[in-house]
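Thanks for coming, everyone. I'll walk through one structure today, piece by piece. Please keep the picture in view while I talk.

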Amino acid sequence: MIILVCFLIIIILIQGYIIWKYKRQMHDICRQLSFLMKNESNMLITGDVGYGGMKKLMEILNELLMSRKKEQKKYLEKEKIISDTYTNLSHDIRTPLTSLDGYFQILEQCEDYKEQKHYLDIIQERIHSLKDMLEELFLFTKIKNEDYHLEMKQCCINQILKQTIFSYYDEWMLKGIEPEINIIDQPLYVEGNEAAFQRIFRNVIKNTLDHGTKGIGISLESINEKALIRIWNKVQNTKEIDVEKIFERFYKADAARSQTSSGLGLSIAKELVEKMQGKIGVEIIDEKFCIEIIF
C-alpha cells in the first residue's frame with residue numbers, strides 16, 4: 001500500500017511538473033509573439049517543450065510569421081517602386097512645364113500670326129506630352145495593384161494592330177518615315193483585353209519614334225498556333241543598349257525621355273503582356289532593335 005501511494009505521488013508530481021512546464025512554455029510563446037508584434041525582427045518562435053502539440057503550434061506560428069514578413073517585404077518593395085516612379089516623373093514633368101511657361105510668355109509678346117501659330121503648336125505638343133506622362137503614371141500605379149485585373153475576351157489582334165498603326169500615320173509622314181508593314185490576312189483571335197492590346201502596341205511604336213531612326217517595321221504572323229508581333233526600328237550605337245534592362249522603369253534616361261516620354265512605356269507594355277499570359281522580349285540584329293511579342 002505504501003509503495004502504491006508513493007507511486008501515485010510520483011505520478012502526480014510528474015504530471016504537475018509537465019503541466020507547469022507546459023504553462024510556462026505557453027506564457028513564453030505569448031511573450032515572444034507580443035514582442036514580434038511591436039518590433040521589427042527576424043526572430044522566430046522558439047521553445048524547449050515539444051509534446052502536447054506544442055511543437056506543431058510553434059511550427060504553424062513560425063510559418064505564419066514568415067508569410068507575414070514576405071508579404072510586408074513585398075508591400076514595401078511595391079511602395080518603393082511607386083514612390084521612386086513619382087519622384088522620377090516629377091523631375092521629368094518640370095521640363096515641359098518650364099518650357100510651357102516660356103512659350104506662353106513669348107506668345108504674349110508675339111504679334112505675328114504665323115509665329116503665334118508656331119508657338120501654339122509647340123504648346124499643344126507639350127500639353128499632349130504631359131497628358132501622356134500622367135496617363136502612364138496612373139496606369140503604372142494601377143497595374144502594380146494586386147487587385148487590378150483585365151476583363152478578357154476574344155480579340156482580333158490583326159484589327160487592333162492595324163488601327164494602332166493608322167493612328168501614327170501623320171507622325172510618320174511628318175518625320176518622313178515609311179514603315180514596312182507585313183500583317184497576315186488571316187484573322188487571328190487572341191484571348192485578351194482590347195484596351196490593353198492597344199496600349200501595348202502604342203507604347204512599343206512610340207518607343208520606336210522616340211529612340212529610333214527612320215527605319216521602322218511592323219509584322220504579325222501565325223507560328224505554331226501563336227500570334228507573333230515584331231516591331232523594329234533602326235538604331236545607332238547598339239553596343240550602348242543593355243538588352244537585359246530594356247523593360248526596366250526609366251532605363252536609359254535621355255533627352256527624349258525627359259521631353260516626350262514618361263520612361264514607363266516599355267515597362268507598362270511588359271506588365272500588360274504578362275497579365276494576358278503573353279511573352280515579350282527584345283533582340284538587336286544588324287542595327288535593328290526588335291521587340292517580339294507572343295500570344
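Let me start with a term. A salt bridge here is a side-chain nitrogen of Lys or Arg within 4 Å of a carboxyl oxygen of Asp or Glu. Keep in mind that this is a predicted model. With that rule, a search of the whole structure turns up three salt bridges.

Take the pair in helix α8. Glu-274 makes a salt bridge with Lys-270, and their closest N and O atoms are 2.7 Å apart. How far apart are Glu-274 and Lys-270 in helix α8? They are four residues apart, about one turn of the helix. Here is the background. An α-helix has 3.6 residues a turn, so residues three or four places apart point the same way.

Are these two side chains buried or exposed? Glu-274 counts as partly exposed because its relative accessibility is 40%. Lys-270 is at 27%, so Lys-270 counts as partly exposed too.

Now the rest of helix α8. Which residues in α8 are buried? They are Gly-265, Leu-266, Ser-267, Ile-268, Ala-269, Leu-272 and Val-273. Just past the end of α8, Gln-277 has a positive phi of about 60°.

Start from the β6 side. β6 and β7 are antiparallel partners, with seven bridges between them. One of the bridge pairs joins Ile-284 to Phe-289 in β7. β6 and β7 form a hairpin with two residues between the strands. In that hairpin, Asp-286 takes a positive phi near 50°.

On to the next pairing. Strand β5, residues 226-234, pairs with strand β7, residues 288-294. The sense is antiparallel, over seven bridges. Which residue in β7 is the bridge partner of Ile-231? It is Ile-291. Also, Asn-233 stands opposite Phe-289 in β7.

Glu-292 and Arg-230 meet through their side chains in a salt bridge, 2.7 Å from N to O. This pair links distant parts of the chain, with Glu-292 in strand β7 and Arg-230 in strand β5, 62 residues apart. Arg-230 has another partner. Glu-221 forms a salt bridge with Arg-230, again with 2.7 Å between the closest N and O atoms. Glu-221, Arg-230 and Glu-292 are therefore linked in a network of salt bridges.

How open are these three? Glu-221 counts as partly exposed, because its relative accessibility is 31%. Arg-230 has a relative accessible area of 25%, so Arg-230 is partly exposed. Glu-292 has 22%, and that makes Glu-292 partly exposed as well. The cut-off for buried is under 20% relative accessible area.

Ser-219 sits in strand β4, residues 216-223. Ser-219 counts as buried because its relative accessibility is 17%. What does Ser-219 touch, leaving aside neighbours within four places in sequence? The contacts are Asn-182, Leu-228, Ile-229 and Arg-230. There is Arg-230 again, the residue that bridges to Glu-221.

One last stop, on the surface. Phe-166, Tyr-169 and Met-173 form a nonpolar patch there. Together they have about 360 Å² of accessible area. Met-173 belongs to helix α5, residues 169-174. Its relative accessibility is 40%, so Met-173 counts as partly exposed.

To close, three things to find in the picture. Then find the network of Glu-221, Arg-230 and Glu-292. Thank you.

Terms used:
Residues are numbered from 1 along each chain as its sequence is written. This is a predicted model: local features need pLDDT of at least 70, side-chain atom pairs count only at pLDDT 80 or more; totals for chains, interfaces and linings use all residues. Side-chain values use heavy atoms; hydrogens and water are left out. Two strands pair if DSSP finds at least two bridges between them. Patches are made of residues with over 30% relative accessible area and no salt bridge: like charges are joined within 9 Å, nonpolar side chains (Val, Leu, Ile, Met, Phe, Trp, Tyr) within 5 Å. Accessible areas come from the Shrake-Rupley method with a 1.4 Å probe; for residues, only the protein chains shown count as cover. Buried means under 20% relative accessible area, exposed over 50%, partly exposed in between (1.4 Å probe, protein chains only). Contact means heavy atoms within 4.5 Å.
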